[in-house]
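Hi,

Here is the structure I said I would pass on. Have a look at it first, and then read my notes below.

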Amino acid sequence: MVVASEEPFPAVHKCNASHRSDHTVVSGLNGTLLRSRSAFPYYALVAFDTGGVPRLALLLLLAPLAAALYYAVSEAAGVQVLVFAATAGARVADIESAARAVLPRFYAADVHPEAWRVFAACGRRWVVTATPRVMAEPFLRDHLGADAIVGTELATWHGRATGLVDVRRGVLVGERKVEALREMIGDGNVPNVGLGDRRSDYAFMRLCKEAYLVPGTPVDAVGADKLPKPVVFHDGRLVQRPTPLAALIAVAWFPVGFLLSLVRVAAGSLVPMPWQYHVYRVLGVRITVRGAPPPRPVLASGRTGALYACSHRTLVDPVFLSVALRRPVSVVTYSLSRLSEILSPIRTVRLTRDRATDAAAIKRLLAGGDVAVCPEGTTCREPFLLRFSALFAELTDDIVPVATECRTSMFHGNTARGWKAMDPFFFFMNPSPQYTVTFLDKLPAEHTCGGGGKSSHEVANHVQRLIASALSYECTGFTRKDKYRALAGNDGVVAAAPNKGT
C-alpha cells in the first residue's frame with residue numbers, strides 16, 4: 001500500500017494576512033505570485049518584441065528541448081534554453097524596453113488572488129525568481145509594489161545579451177535561491193512569510209518563519225482594479241497571451257496575414273470612398289455604424305464644415321469615420337509616417353504643435369469641408385480616454401463627438417516604440433478586424449464656446465465625458481507625454497523637416 005506524502009507546508013489560503021504591515025514576505029513568481037507555472041508566454045513576448053517572427057519561431061523550435069531538459073535533467077537547464085532563444089543577440093536596451101512596455105499588461109492579468117492577498121498585506125515585499133530580473137523587475141516594482149527583486153542575471157557583451165546567464169549566480173532555482181535570499185537578509189531578521197509553489201522552492205521557504213504553498217488549482221486572476229497601479233499604457237504587437245499554441249498560430253498566420261493586409265490597404269487606397277464599406281466587408285473587415293451620420297455640409301458664405309472629435313484607438317480611426325460617412329473627411333495629425341501619408345485614402349494635414357499655426361491650419365480645412373481630429377493626441381489600447389486637448393473647441397461650435405472602437409484578435413494596430421508605418425498593416429493582418437463608429441449628437445449651442453460662453457477646456461472635458469460614457473471607458477488626465485515617457489522613455493516628439501515623413 002502506497003501512502004501519499006503530505007506537503008511540508010500548508011496551503012496559502014490558510015495564511016492569516018491580518019496585522020502584517022511590519023512583516024517581510026518573500027515570494028516566487030511563476031506559479032506563486034502568478035497563476036501560470038509556465039514562463040513560456042513571457043519569453044515569447046520578449047522574443048517577438050526584440051526579434052519578430054524569426055526569433056519567436058526559434059523559441060517555438062527550442063521549446064520542446066527546454067521542456068525535456070526541465071523535467072529530465074534540471075529546472076535550470078530548461079530555463080537556460082528559454083533564455084537563449086528569447087534573448088541571444090538582442091540589445092539589452094530592447095529587452096528592458098519590452099519588460100517596461102509589453103510584459104506588465106500580461107503579468108497583471110495573471111496575478112494569483114491568494115498569493116496576492118498575503119503579499120499585499122505585508123509591509124516589505126521581496127521576490128526571488130528564476131525569471132531574468134530584467135524581465136520581471138519593472139512590473140513587480142511599479143505594479144505590485146515589490147521592494148526587492150532578485151532574479152537570474154543575463155550575461156551581456158557590448159550591450160547585447162549573449163543568450164547565457166551570469167555564471168556567478170546561475171539560474172535562480174533551488175539552492176541558488178537560498179544563497180540569494182541569504183544575501184538579501186544579511187545580518188537582518190529572516191523573512192516572516194515565504195511563498196512558493198514547487199519542490200525547488202522548499203529550500204528558501206525553510207529560511208522563513210512561516211511558509212505556505214500556492215496550489216496549482218485553477219483560479220480567477222486578481223481584478224485589475226484590485227492592483228495598486230492599473231496598466232493604462234502598454235505596447236507590443238501581440239494581442240493574445242502567447243501560449244505555445246497561440247504563438248504557433250501567430251507565426252503560421254503571419255505571411256498569410258501580411259499578404260491579406262496588402263490587399264486590404266490597397267483596397268482602401270484605390271476604391272472610391274462610397275464603395276469602401278462593402279469592399280471591406282467582402283475582405284473580412286467588419287464595420288458597425290451606430291447613431292445618425294450627419295449629412296454632407298452645404299458650405300455657404302460664412303459657414304464651415306463640421307468638426308468630428310474622435311476617440312483615438314489606431315491610426316485608421318479617421319479612415320473608418322470616412323467609411324461610415326461614405327465620403328472622405330480631412331484629418332489633422334501630430335505624427336504620421338511618409339508611407340502612411342502616401343497610402344491614406346483621405347487628406348492628411350500634419351500639425352506643428354505651435355498653437356497659432358495649428359489653429360489657422362484647421363480653420364482653413366473647416367472652410368473647405370468636414371474635419372476629423374483626435375483630441376487625445378495619441379492612441380490608447382485600454383478602456384481609458386486620455387486628456388482631450390482644448391484647441392478644437394476654440395475653432396468652431398459645430399462639433400460632433402464620435403466614439404471609435406476597434407477589436408483585433410492577433411495583432412495590435414498601434415505602437416509607441418516600433419515602426420509606425422507598419423501600424424495599418426498590422427491592423428489589417430488580423431483575420432477579421434472589427435471597427436465600431438458611433439456618432440453622438442452634435443453639441444448643443446449651450447455647451448460650446450461661442451453659443452454657451454463655455455471655456456475651451458470645459459467643452460473638451462464635456463466631449464471627453466460624452467465619448468467615455470458611450471464606450472463605458474474611464475476619463476483620465478493622462479497625456480501623450482505620459483504615454484511616451486512610460487513606454488518609450490521620451491516625450492513622443494519626432495523632429496522633422498516641414499512636409500517630410502516622421
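What follows is a short tour of the cavities, the cysteines and one of the sheets.

One thing before you start: this is a predicted model.

Searching the whole structure turns up two cavities of 30 Å³ or more. The largest cavity has a volume of about 60 Å³. If you want to find it, look for Val232, Phe233, His234 and Asp235, then Thr379, Cys380 and Arg381, then Asn414, Thr415 and Ala416, and finally Lys483 and Leu487, which together line the largest cavity. Sorted by class, that lining has five nonpolar, four polar and three charged residues.

The second largest cavity holds about 50 Å³ of space. Its lining is made up of Leu45, Phe48, Asp49, Val102, Phe106, Asp235, Gly236, Arg237 and Leu238. Which helix gives the largest share of that lining? That would be helix 1 (residues 40-72), with three residues. By class, the lining of the second largest cavity splits into five nonpolar, one polar and three charged. Keep an eye on Asp235 as you turn the model: Asp235 is in the lining of the largest cavity and also in that of the second largest cavity.

Now the cysteines. How many disulfides are there? The count comes to zero. Take Cys406, which is in no disulfide: the nearest cysteine sulfur belongs to Cys380 and is 11 Å away, while a disulfide needs the two sulfur atoms within 2.5 Å. With a relative accessibility of 23%, Cys406 counts as partly exposed. Cys449 is in no disulfide either, and the nearest cysteine sulfur, that of Cys475, lies 18 Å away. Cys449 also counts as partly exposed, because its relative accessibility is 21% and the buried class is kept for values under 20%.

Five strands make up an open sheet, in the order 3-2-1-6-7, with parallel pairing. Strand 3 (148-152) and strand 7 (210-213) are the edge strands, and each of them pairs on one side only. On average, neighbouring strands of this sheet are turned by 15 degrees against each other, ignoring direction.

Happy browsing!

Methods:
Residues numbered from 1 in each chain as written. Predicted model: local features only at pLDDT ≥ 70, side-chain atom pairs only at ≥ 80, totals over all residues. Heavy atoms only, no water. 1 Å grid on protein atoms, 1.4 Å probe; cavity = no way out; pocket = protein on both sides within 12 Å on 5 of 7 lines; lining within 4 Å. Points joined across faces, edges and corners; volume = space filled by probe spheres on them. Nonpolar A, V, L, I, M, F, W, Y, C, P; charged D, E, K, R; others polar. Helix = DSSP H or I, 4+ residues; strand = E, 2+ residues; numbered from the N terminus. Buried < 20%, exposed > 50% of the residue type's maximum accessible area, 1.4 Å probe, protein only. Pairing = 2+ DSSP bridges. Axes fitted to C-alpha atoms, helices over the stretch in contact; angles between N-to-C directions.
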